[in-house]
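Here are a few exercises to work through with the model open beside you. Try each task before reading its solution.

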Amino acid sequence: MSKDSLLEVRGLKKYFPIHKGILSRHVGDVKAVDGLDFDLGRQETLSLVGESGCGKTTAGRTLLRLYEPTGGQAIYRPDTDGLEVDLFKISQAEMRDYRRDLQIIFQDPYGSLNPRITVGNTIGEALRVHGVASGQGLNDRVEELLERVGMRAEVSNRYPHEFSGGQRQRIGIARALALNPKLIVCDEAVSALDVSIQAQVINLLKELQDEFGLSYVFIAHDLSVVRYLSDRVAVMYLGRIVEIGTTEEIFKDPQHPYTKALLSAIPIPDPRRRASHIPLTGDVPSPINPPKGCHFAARCSVAESRCFESYPAMVGAAGGHQAACHLLES
Amino acid sequence: MKSDSLGSPNKEEPLLELKSLQTHFFSDEGTARAVDGVSYKILPGETLGVVGESGSGKSVTALSVMQLVPQPPGKIVGGEILFKGQSLLNKTEDEMRKIRGNEIAMIFQEPMTALNPVYTVGDQIIETVRVHRGLDKDEARAHAIHMLTIVGIPSPETRVDEYPHQLSGGMRQRVMIAIAMSCDPSLLIADEPTTALDVTIQAQILDLIRNLQKKAGMSVLLITHDLAVVAEVAHHVAVMYAGKVVEYATVEELFDKPAHPYSHGLFKSLPDLAVDGEPLATIPGMVPPATRFPSGCRFHPRCSIATDRCKTEEPQLDYLEGNTGRTAACHHIDEAAKL
């Protein structure tokens, strides 16, 4: 597709093997992510949404090779000069050079900062490891980063426990920014925050995107935050993307029955307009042995016999609004 | 089902009424005034939504009603809790034990930790009704299956013998609700009941609570940080900040026009209501820790219309002009209306 996108992901797969018995025989796989295709433009925010267990977090981590991918490609174009590299093909040593471009912010601002390391060292560590700065230069850069995320420079000698959840999340953002990344995976980065603090952090993420030309892969379950922040949205169900499109297309004109049910479940902050939910019965099937047909068929109110026979292909313009549903095939 | 009592909320006898309740925690680092003068009431058959950010004291208030505040370090140091006209603070522990479960039941945010992992879900319902209702074994088991049916658990005859880990998060919360409802309480306290759940499951659980309430005619005290959840299920709303109620209104009144500057700020921070391309409005600063609440109005350091008076003089909840039972605690309620 578009030759100037930052990242082109094709067939991204991550299986977790299941071992049993004293010989640890390989008896099957949890197919957490089972073939994702998406592009990410420069300075674009793509959100991965879906319920717990749909594979959105695994997808984000595999993209950065925090998990080794089982299959697929991730073509990365650091600049517009034509250089391309498949992040899934290169060695871990080569990957190190690209890591500075690819950062992550985690959900839990308590668990993701080392309690024994000062804020300054937390942020400065990557600068030192990558040999970007040292000595006074490093201190200056840390202070600059702290101020950029709305903290006072003096806090660099303090420890994480002295800060609130919102401040810790700012520290996590400063750490991610340290090496001037091009892409940040935000894994439920604002989910644990109170609404007034969440708004502050969302605004900060937006400002930083404009200022540094960042691309975000935004992983979230809060759809009102997703709607506000994203350019495009990919809806995941049981390890696959079932619908992808611009934020407006997904929220105003959802095509896939699952997307419709998901959106109808969002509570509306207006007591006179109580939401009419499309009820979803039954459970998500097991990712160990997903059904051969459409994964959503058993819970779908409009499913037909063919839906149980074969997995539907994506319908719609390539690179545009697409959904995987047999009923959309003409 | 919206309250018919909108015009006369004060005439109906409340089921639960808190009057200037104070629950403090004492430690070496000082006194945390987690709940510091909370007053609100719940009418029979209605849902009161209590909203506020972490540390506002909304959960500790609920635990105080149940008298489940760990003591020490916590202690109810002042105020009154009236349930059906009787003071709960004068009850002995034995009397309270009869009220908990029978009259007032509670469900929590994390259904995995609230359920006992080594007992089947049936055992946990059976225990409740045998203790409180004196049913024999077979009756209690039949009642357990009946309750699981009511909360929408498929094949309850087999599920009754399963353990909590065999159920999904949504199913566990349904089991919690089945336990809570099993003695037909007149008040259900739900503390962030859907926060840990996916949005689709949340919708189901909220529907369930709403339907059970209609059928059983019970009152619900719903504690949440999510204004959209309040809009879906509550009749009245109490907005809490730093250990106090700052505003109390019907859900329509509050969502049409929040009166208190803090409520106003909360609404403005919602991404749902944001204008495309505009940054979200934010409340500067953060919630103060309960050991160091500011003097005067506790919101004044974060408030855009605060004056010198707000720094020294604490505003009390006061009825708003032209309204029926709506109250807010702000010295500058007229200016706040222009925000």
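**Exercise 1. Describe how α3(A) and α5(A) pack.**

Step 1: the axes of α3(A) and α5(A) come within 7 Å and cross at roughly 25°. Axes here are lines fitted to C-alpha atoms, for helices over the stretch in contact, with angles from 0 to 180 degrees between N-to-C directions. Helices (H or I, at least four residues) and strands (E, at least two) are DSSP runs, numbered from the N terminus.

Step 2: that angle makes α3(A) roughly parallel to α5(A); angles under 35 degrees count as roughly parallel, over 145 as roughly antiparallel, 65 to 115 as roughly perpendicular and the rest as oblique.

Step 3: on the α3(A) side, the contact is made by A:Val119, A:Thr122, A:Ile123 and A:Ala126, and on the α5(A) side by A:Ile171, A:Ala174 and A:Arg175. Two residues are in contact if their C-beta atoms, placed from the backbone, lie within 7 Å.

A word on the model: it is predicted, so local features need pLDDT of at least 70 and side-chain atom pairs count only at pLDDT 80 or more, while totals for chains, interfaces and linings use all residues. Residues are numbered from 1 along each chain as its sequence is written, and chains are lettered from A and ligands numbered from 1 in the order in which they are written.

**Exercise 2. Find the buried residues of α4(A) and what covers them.**

Step 1: the buried residues of α4(A) are A:Val142, A:Leu145 and A:Leu146. A residue is buried if 20 or more other C-beta atoms lie within 10 Å of its own, exposed if 12 or fewer, and partly exposed in between, with C-beta atoms placed from the backbone.

Step 2: these residues cover an arc of only 100° around the axis, which puts them on the same side of α4(A). The arc is that of the directions from the helix axis to the C-beta atoms.

Step 3: their cover includes α3 (119-129) and α5 (165-177) of chain A.

Step 4: the face turned away from the buried side carries the exposed residues A:Gln136, A:Gly137, A:Asp140 and A:Glu147.

**Exercise 3. Locate the cis peptide bonds at B:Pro72 and B:Pro73.**

Step 1: B:Gln71 and B:Pro72 are joined by a cis peptide bond, with omega about -10°.

Step 2: the bond from B:Pro72 to B:Pro73 is also cis, with omega near 10°.

Step 3: B:Pro72 sits in the loop between α1 (58-66) and β4 (74-83) of chain B.
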